[in-house]
Structures are given as structure tokens and as C-alpha cells.
Amino acid sequence: MKETIKVNNLTKKFNNNLALNNLTFVVHTGEIFGFLGPSGAGKTTTIKILTGQLSHDGGDITILGQTPNTFQKIANQVGVVSDTSGFYEKLSIYDNLFAYCKLFSVTRTRLNTLLKQVNLYNQRKTIVEKASTGMKQRFLLVRAIIHQPKLLFLDEPTSGLDPTTTKKIHELLTNLKKSGTTIFLTTHNMYEATLLCDHLVLLNNGKVVEQGTPKNLITKYNSEKKVTLTYKNGTNEIIPFIKLKTVDDFSKIETIHSCEPSLNDIFVTLTGGELND
Amino acid sequence: MIKRMSALIWLRFKLFTVNKAILFEIISPFIFTYFYKYLYSLQNISTQNSELLGFLIPFSLSIGIGIPIIAILSEEREKNSFSALMLSGVRYFEYLVSLIIVSLFFSLFIITIIPLILNSKVSILNFNYFFSSIFMAISVCLISLIAGLLAKTQVMGQVISLPVVFITSFLPMLATINNTCKVIVNYSFMSLFYKYIQSLSNDLKSLAIVLLWIVLLITINYLIVQIYRKEFLKL
């Protein structure tokens, strides 16, 4: 499988604080790569280093065949939505995006299609400073994908959004993946990561604590297999799978569900802290 | 590069015209000119002579293009639209030159319309006037770019723009009453324009001084960009 990003022993210090400690991971072409960790784990710092906005103190990085120092050469193949994704507040959503259409020689037709896809077409004349958080997030996403990038960096793209908007963004990301775009997604939303990501890296205090596919990680940490019994009287009980055969009266049981650990459970097991801290 | 430049120029025009505060700054020199014309008329003083023009053109350029440049650059830094442009492959050179091009376009309005409002003997059709004022406009743009690049926030931009406006606006006025100021103006980026206003002709010495200033200002801009390349954004 082709590698879009290759990071080897990446280290970054802020003064004497080690923000990133020997990060090593590979992002394969066409996958949604989840970069999970609590706030302050180093997710945004990693994106900034990968996109050439911050220098790093050690390690090797290859991104679409370039180093972050030569990011400019691949800028037209990369889209970024992060906290540094600024916009012109006094301009309308459409004018903001049209400037980028001109920058990348993209047609108005594509812009209109994307605006319709994220339900922003009817609000395209809204001045950005008057737009809601959800509108701004969708607008930034459109701007990042307007030129059909090969690689898309998304830093907490659904943070603070309502479930309907979140769902729309998830659909859009799934479609982008189908069209061959590699997506580097940072999030502390475990549900989102499980739903979308092909490969995950769990980050804590600047260190990779675990990585793999969501399925493999869950299987790996599902050593003590358990099931949830829901009784007809509405109560629940979690018991080891092996004790299922000791249940006396199955007629009292409404449902039996396997009880795999969530990514958050895995993260707690590994670090002792919550992902969404 | 051409498509990026045209996109940036389009964006700059939008920013200059959509933002009401910036639009007011561009229009305000014409309002001030009418105001001065009115004040002069109250005292039955003619506005046809070039002295008033010698004060109003530098003042108008600093208000009409200097402040907007600083405001736009500082806002783009503070609101991260600068980073967004850089991440889209825009180069520093294109970023700054596009702003100069649009500012010079508005400068042309200033140096054309203000003499007309004053019924001045001088007009844009006079080559020496056009030449000296456009060189001054370029210098004001370059000074404002330096100030704008140094301002990390809009508040800082406003603070930095004050001395730029004061020096450009009032030095030519003070030069008429103070010899030290006159010497300073003679060796400043306004030298060529000031000489023109005094004698209605250009001289080589002043031209050389202005060209040196432009080279110096371009060098300072270049050095600031190099520092940012190393410390702020490795692009």
C-alpha cells in the first residue's frame, strides 16, 4: 500500500517541554487515519509540523514525497481545516470561497455543487462573521476540499457541532475517502473515530500509546470477554461471557449483547485518563 | 503564479471595498480635501497653488492607503487568514505584491482627484507630478508593509500606523516652518515630491534619494519575510 505520510521518530520541544516524543506512524493512501488523544496531547502540533507551520526538533517526515520544509510544492494537493484556518469575516461565505476558486482555478459549478452538498448554498451570501459555528465549519471544509486535494488534514472537524451537521460532515468525509482522498483526522470523539477511521493512533502526552485498526484494537483489548444482559424488568447486568452458561432462567432476559471495550475504555486502560478530557 | 496573483488582487479589491472601515479610510482624504478647500475659501485663500497639495497628498496617501495596508496585514495575521493563504500555496512575494498593486491603484485616484478638487495648477497629466507622487506612493506602501508585517494583532497595527501617518502627513507641513524638518524631508522618501511642490520640477539628487529609500524599504521587507520564514512559517 502506498504511503502518503511517513513519520519517523518525530520530536518537538517547546522550551524544555517535550511536546512530541519520538512519534512514528504511517498514513497510507486512500485511508482515513485517526489521530486520537486528549486536549494537549500533541495532535494540532503534529498537524502544524506536517504542514510546515512549525519546525520540528528531530525525526524524519515525508508527506506526498516532500518534507514539511518544501510543503509549498505540494500545497495545491493538500487541504487543511485547523485552528489556523482563518477566513475573511467581512466577506460573504461565497466570496471567501470564490477567492480560493480563483487561487486553484476551480469552476463556480464545483463550488456550487459543494455548497449544496453541505447545505450551505442557500446561505452562501451570509457574511462570515454572522455565520454560526456549524456554518463556519462546513464552509472551512468546503474550502479545504475545493481543489480536490490528495490529502486532507482535519483538526477536530466536528467539534462543537450539532448531530445533524456532524452526520453531514461524516457523509462528506466518507465520500471523499471513496474518491481516493487520504484523510488525516484528529479527534477526541471516539464514536467518530470508530465510525470513520481505517487506522488509528492513540496519542497521550506527546507519545504514541497504541496504534492499529479500530477492530484490531478492540479485539486486542477485549481479553476479558463480557456480555450485557438486559432483563425484562429493565435492569442490566454485565457478566463474563464464560458465566453465561450459569444463568438459571433465560426467560427473564430481554436481550444479550456482547460487551466490547470502546476506544475510550482502551485509552483509559492505557493511560488512566479519559480521551475527551 | 499569475492565477494566484489575480486571485489575490481580486481578494484585495474585495477587502478594500467591502470592509466599511477601510472604505472610509480610502474616501476620507477626499472629504478632508473638501474640508480644507472650504476652510481656505472662508479666508479667501486660493487652493490653486501647490503648497496645500504638498501637504494633502502625503497625508492622503498615508490615510488612504497606508492605514488600510497595515489594517489588512495585521487582521490577516491575527485572524489566521494569512496562514490559510500560505497553506494554499501563496508565496510571500505574491502576498505582498498583490497588496501593493491594489494600493497603487487607489493611490492613482488620490493623486488624480485631489488636484482636481483643489482646482490646482498641477494635474496627473503633468509627468513630473505623476512621477514624484507615484514614487512617494510606492514608498508609503513599502513602509506600511513593514509596519503591517510587524503588527501581530489589529491593536498593534493601529498603534504602529500612528507614527507612519504622523510622519508622512505632518513632516512636509512642518518643513515649511522649520529648517531641521526641511532637511529631514529633503533626505526622506518624500524628497522628490517635496522638491517638485517647491519648484514644480524634479531633480536628480532627489530622485536618487527616493530610489535609495525604495531599495532600503524593499530590503527591510525582504529581511522581515526571511525572519518569518525561519521563525513563524516555514514556507
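Predicted model: local features only at pLDDT ≥ 70, side-chain atom pairs only at ≥ 80, totals over all residues.

Directly after helix α2(A) comes A:Ser105, a residue whose phi is positive, near 55°.

Helix α2 of chain A covers residues 93-104, which makes twelve residues. How far apart are its end C-alpha atoms? They are 17 Å apart, and this agrees with the 16 Å that the helix should span at 1.5 Å a residue.

Which residues of α2(A) are buried? They are A:Ile93, A:Tyr94, A:Asn96, A:Leu97, A:Phe98, A:Ala99, A:Tyr100 and A:Leu103. As a general point, an α-helix has 3.6 residues a turn, so residues three or four places apart point the same way. The buried residues of α2(A) pack against α3 (108-117) and α4 (133-145) of chain A, together with α1 of chain B.

One of those buried residues, A:Leu97, leads us to the interior. The largest nonpolar core has 131 residues, and A:Leu97 is among those with the most contacts inside it, as are A:Val142, A:Leu152, A:Ile183, A:Phe184, A:Leu185 and B:Cys141. Helix α3 of chain B, residues 50-78, gives the largest share of this core, with 15 residues. From chain A, domain 1 (3-218) and domain 2 (219-271) each contribute at least three residues to this core. With its neighbours within four places in sequence left aside, A:Val142 is in contact with A:Leu97, A:Leu114, A:Leu115, A:Val118 and A:Leu120.

I turn now to the contact between the chains. Chain A gives 25 residues to it and chain B gives 21. On the side of chain B that touches chain A, α1 (2-18) and α4 (81-87) of chain B each supply at least two residues. The largest share of that side comes from α1(B), with nine residues. By class, that side of chain B has nine nonpolar, seven polar and five charged residues.

Finally, I come to the two domains assigned to chain A, domain 1 (3-218) and domain 2 (219-271). Taken over C-alpha atoms, their centres are separated by 36 Å. Each of the two domains brings 13 residues to the contact between them. On the side of domain 1 that touches domain 2, at least two residues come from each of α6 (190-196), β8 (199-204), β9 (207-212) and α7 (214-220) of chain A. Which element gives the most to that side of domain 1? The answer is α7(A), with five residues. Thank you for your attention.

Notes: Residues numbered from 1 in each chain as written. Chains lettered and ligands numbered in written order. Domains from an automatic or database assignment. Contact = placed C-beta atoms within 7 Å. Helix = DSSP H or I, 4+ residues; strand = E, 2+ residues; numbered from the N terminus. Nonpolar A, V, L, I, M, F, W, Y, C, P; charged D, E, K, R; others polar. Expected span 1.5 Å × (residues − 1). Buried ≥ 20, exposed ≤ 12 C-beta atoms within 10 Å, placed from the backbone. Core = buried A, V, L, I, M, F, W, Y, C linked by C-beta atoms within 7 Å.
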